[in-house]
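Please look at the sequence and the structure below before reading on. The paragraphs after them go through the model part by part.

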Amino acid sequence: MYIKNLQLLNYRNYKELSIELCKNVNVFIGDNAQGKTNILESMYYCGFAKSHRTNKDKELINWNAEKAFVSLSVGKNRLDKKIDINILKDGKKSIQVNSIKIKKIGELVGIFNVVMFSPEDLKIAKESPGIRRKFLDMEISQLNPKYYHSLVQYNKILMERNFVLRKACNDESMLDIYDIQMAQFGAYIISQRIKYLDKLNLYGEQIHKDITSNKENIKFNYLCSTKLDDIEGNLIKSLKKNRLKDIDRRNTSVGPHRDDFSIYINDVDVKSFGSQGQQRTAVLTIKFASLRIIKEITGEYPVLLLDDVLSELDFSRKRYILSSIGSIQTVITCTGIEDLYEYLDENSKVFRVKDGKIIYS
Ligand SMILES: Nc1ncnc2c1ncn2[C@@H]1O[C@H](COP(=O)(O)OP(=O)(O)OP(=O)(O)O)[C@@H](O)[C@H]1O
């Protein structure tokens, strides 16, 4: 899969932009705050109708405009796709795929597969469980529409359950119904997350060995708030068991919205004891394993977006990335290009970004 063309109108600091990308390495180079990340963000946005930086779509619209427009033409093994998204000031957006309006974001997710690696992704290795859950949810959603649907349903029921818990007189019969529904959707979510982590272990093991010259072993493990034998049955039991506590705290204390996964390197928990370098390498492994998982399931590599990460990595890790991308279309942002030259060839494209414009390509 590869991006053929990107068009922007009033997106962040771009008034108007239309660029053709090449099938392999595309580099966006420029000083700080010129609009390099904005370009990657707009590409990612076409995958999920969601920015990787903000939940407020309004922020994507140029300060002097009423609406923004992003259009991405994607080359695929089977049918090529064109994704057009209009973003309006009131937070609404309209999405068209091949000129046909879609009703739900679920219909967009999975059409354009993408793996983004940005400095914020280091949080996957070192910060709170919510960041790791979000990573799993985004990755699995783009591969499995049923997962995305289950997640939307689960979150809706969770909100309703919490609403009932917050009311002074709790409606126990309502809570019984919510528990059953949450257990159904929750069990599916948990089972798919475990499956995904199995694949992450499968691919991650060799990738991590390659990056660390066989010095380190990596292992991912799902941390579940309920027993894993009969997930649905056990979730119902746990929800019932914790009901008094939940009423007291006015919040739902068990379910996949509370789960996490651990990352161990050589049997040491990376989150608590890993060095900065180990945390960085763990995330690099996760991202490269994600590429392989998407390839295994869809038959095509996704587009790889590398936002300002190369400068953060040492020589050997940089080398690993640049020599492993092979046939994967890769879009890189950076402030200097010197150490990239040996990985560029006559097919690569270099775009210079200045103040919301491409000066040359
Ligand atoms: N809605 C918006 N309208 C107009 N300009 C915006 C908007 N949002 C952000 N900007 C501008 O976009 C620029 C930042 O762009 P971006 O984050 O892409 O920078 P960058 O080139 O990746 O920089 P760095 O190398 O520092 O990461 C800033 O100048 C910012 O003021």
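This is a predicted model: local features need pLDDT of at least 70, side-chain atom pairs count only at pLDDT 80 or more; totals for chains, interfaces and linings use all residues.

Residues are numbered from 1 along each chain as its sequence is written.

Start with the domains. The protein chain is assigned domain 1 (1-108 + 305-314 + 329-361) and domain 2 (114-299); such bounds come from an automatic or database domain assignment. Taken over C-alpha atoms, the centres of domain 1 and domain 2 are 28 Å apart. Domain 1 puts 15 residues into the contact and domain 2 puts in 12 residues. Here two residues are in contact if their C-beta atoms, placed from the backbone, lie within 7 Å. On the side of domain 1 that touches domain 2, the elements giving two or more residues are α1 (36-48) and β12 (303-307). Helices (H or I, at least four residues) and strands (E, at least two) are DSSP runs, numbered from the N terminus. Of the elements on this side, α1 gives the most, with five residues. Sorted by class, this side of domain 1 has eight nonpolar, four polar and three charged residues. In this sorting, Ala, Val, Leu, Ile, Met, Phe, Trp, Tyr, Cys and Pro count as nonpolar, Asp, Glu, Lys and Arg as charged, and the others, Gly among them, as polar.

The largest nonpolar core has 89 residues, and Met-43, Leu-72, Met-182 and Leu-305 have the most contacts inside it. A nonpolar core is a set of buried Ala, Val, Leu, Ile, Met, Phe, Trp, Tyr and Cys residues joined through C-beta atoms within 7 Å. A residue is buried if 20 or more other C-beta atoms lie within 10 Å of its own, exposed if 12 or fewer, and partly exposed in between, with C-beta atoms placed from the backbone. Helix α5 (residues 172-211) supplies the largest share of this core, 12 residues. For one of its residues, Leu-72, the contacts beyond four places in sequence are Ile-3, Leu-6, Met-43, Cys-46, Ile-83 and Phe-112.

Two residues of helix α5 can be set side by side. Gly-186 is found in α5 and counts as buried, because it has 30 C-beta neighbours inside 10 Å. Leaving aside neighbours within four places in sequence, Gly-186 is in contact with Tyr-154, Leu-235, Gly-255 and Pro-256. Gly-186 and Gly-255 are 69 residues apart in sequence, yet their C-alpha atoms are 6.5 Å apart in space. Lys-199 is also found in α5, but with 18 C-beta neighbours inside 10 Å Lys-199 counts as partly exposed.

Now turn to helix packing. Two packed helices are described by the angle between their axes and the distance between the axes. Axes are lines fitted to C-alpha atoms, for helices over the stretch in contact, and angles run from 0 to 180 degrees between N-to-C directions. The axes of helix α3 (residues 129-141) and α5 come within 10 Å and cross at roughly 90°. That makes α3 roughly perpendicular to α5. Angles under 35 degrees count as roughly parallel, over 145 as roughly antiparallel, 65 to 115 as roughly perpendicular and the rest as oblique. In this contact, α3 uses Leu-136, Glu-139 and Ile-140, while α5 uses Gln-192, Arg-193 and Tyr-196. The axes of α3 and helix α4 (residues 145-166) come within 7 Å and cross at roughly 135°, so α3 and α4 are oblique to each other. Here the contact is made by Asp-137, Ile-140 and Ser-141 of α3 with Tyr-147, Tyr-148 and Leu-151 of α4.

Finally, consider some loop residues. Asn-113, in the loop between β7 (100-101) and β8 (114-117), is buried, with 23 other C-beta atoms within 10 Å. Ala-33, in the loop between β3 (25-29) and α1, has a positive phi near 60° although it is not a glycine. With 10 C-beta neighbours inside 10 Å, Ala-33 counts as exposed.
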